Amino acid sequence: MVPEICSNVIEAVVGLLVILSGMSYATAGVETNCDGRQDGAQCYGPLGGTVVIHLVDSASEIPIYEIKHTTSIILRGKKNETILGPTGSKYLFIPSNGRFSIRNLSTTDSGEYTLDTFDSDGRKTGQHKLELSLEAPVSSVQLVSECLSQGQVKVSCLSKGGESPKYSWTLNGHILTDSKLLSGNNTTNIIILRQKISGLLICSVRTKVSSLFKEIYTSTCDFVNCTSNGVHISKWAFKENNTLCVETMEDKHNIVGLLQIIVGALGVLLMVLLVSMGFICAKRNKQNNNEKDGEEPTDADRRTGQQEQSMDIQVEYGKVKKEPRQSNVMTYGNMDYSVYGNMEENVYANI
């Protein structure tokens, strides 16, 4: 009873170590899983990462077992015992769930692995093999989008690392369908979206040992037709990222400086105008007050009065004052004769 309890405790401790170590390796590299319970199974592991192989349902009831890589024994165990391999933490087998882990994979770890089981007398009771292949995982994914000549959007999904990557696309959380595509399909790394198609676009890249994705928000394309810095621009561009016709900071600073000069000049002119108007108004108010108070006119007022008087005299000399003349009337009886008077008037008229 006591050995059984001790065995369970040991397995629990080892399992906890596996979980903790698995967490550290998950942050350090890529981890894959493989079902190796069938004889001749093919498994794949990421270079630099970890592979977890499910060898059997449980090895707790197997009296003796061995795991070999090609012809070398890398791990040996007995019933209710967990034995680490000769290289420490590189290999780990948990009998309770039958999972075998290989960490920090390198090219020398690829090849054939064999699980041999024995009875308590050492006779072989079973054997099955699997093949492990290693590949470099996908290290990065990049999305590049551009506007085409008719306003369509071309998006390229570029991946680094990995062998024979497979691509898939989603738009706004749904599988990208051909109705939204002008060219390409959901499994190619380059697609062309139709006009007016926009939203959250995700490209997923998968290999046998890794999976990565990248997302981008793509908007529609607008036609730009303007002149910037003396250069005419006519092309399609993304609306929110359009900086083709936006003034540079230097241009903005120049415009702001010119506006400041203009505003300053207008301010000076306005100040001069206000001061002049104030001076004129003050002078007129002073003249009006002098007239009301009966003050002695100043020399300037006297000169102004003399000029006005002289102008009045000149106007009097220019007038022609004509007074009626008395004609010499001769009366003979009942008839008046004013011949001489008429002649005189004619003479004066001719003069």
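Is R123 exposed or buried, judged by its relative accessible area? R123 is exposed, with a relative accessible area of 53%. Here buried stands for under 20% relative accessible area, exposed for over 50%, and partly exposed for values in between, using a 1.4 Å probe and protein chains only.

## Basis of the model

The model is predicted: local features need pLDDT of at least 70, side-chain atom pairs count only at pLDDT 80 or more, and totals for chains, interfaces and linings use all residues. Residues are numbered from 1 along each chain as its sequence is written, and side-chain values use heavy atoms, with hydrogens and water left out.

## Disulfides

A disulfide is taken as a pair of cysteine sulfur atoms within 2.5 Å. By this rule there are three disulfides. One of them is formed by C34 and C43, with the sulfur atoms 1.8 Å apart. The torsion about this S-S bond of C34 and C43 is about -70°, so the disulfide is left-handed. C34 counts as buried because its relative accessibility is 12%, and C43 counts as buried because its relative accessibility is 0%.

C147 and C221 are joined by another disulfide, with an S to S distance of 2.0 Å. C147 lies in strand β10 (residues 138–147) and C221 in strand β18 (residues 221–228), so this pair ties together parts that are 74 residues apart in sequence. Strands are DSSP runs of E with at least two residues, and helices are runs of H or I with at least four residues, both numbered from the N terminus. The S-S torsion of C147 and C221 is about -90°, so this disulfide is left-handed. C147 is buried, with a relative accessible area of 17%, and C221 counts as buried at 4% relative accessibility.

C157 and C203 also form a disulfide, S to S 2.0 Å. C157 belongs to strand β11 (residues 153–161) and C203 to strand β16 (residues 199–206), so the bond ties together parts that are 46 residues apart in sequence. With a torsion of about -95° about the S-S bond of C157 and C203, the disulfide is left-handed. C157 counts as buried at 0% relative accessibility, and C203 is buried with a relative accessible area of 0%.

## Salt bridges

Side chains of opposite charge can pair when their charged atoms come close. A salt bridge is counted where a side-chain nitrogen of Lys or Arg is within 4 Å of a carboxyl oxygen of Asp or Glu. The count by this rule is nine salt bridges. Among them is the pair R37 and D57, whose closest N and O atoms are 2.7 Å apart. This pair links distant parts of the chain, 20 residues apart: R37 is in the loop between β1 (31–35) and β2 (41–46), and D57 is in the loop between β3 (50–54) and β4 (64–69). R37 counts as partly exposed at 36% relative accessibility, whereas D57 counts as exposed at 56%.

R123 takes part in a salt bridge with D119 (3.2 Å, N to O) and in a salt bridge with D121 (3.3 Å, N to O). D119 is buried, with a relative accessible area of 17%, while D121 is exposed, with a relative accessible area of 58%.

## Helix α2 and the annotated region

UniProt, in an unreviewed entry, lists residues 258–282 as "transmembrane region". UniProt positions are given in the numbering used here, feature names are shortened, and annotations may be inferred rather than shown by experiment. In the model, the span 258–282 is 100% helix and 0% strand, and its end C-alpha atoms lie 36 Å apart.

L258, L259, I262, L266 and L269 make a nonpolar surface patch of about 500 Å². Patch residues have over 30% relative accessible area and no salt bridge; nonpolar side chains (Val, Leu, Ile, Met, Phe, Trp, Tyr) are joined within 5 Å, and like charges within 9 Å. Accessible areas come from the Shrake-Rupley method with a 1.4 Å probe, and for residues only the protein chains shown count as cover. L269 lies in helix α2 (residues 249–293) and is exposed, with a relative accessible area of 57%. C281 is partly exposed, with a relative accessible area of 43%.
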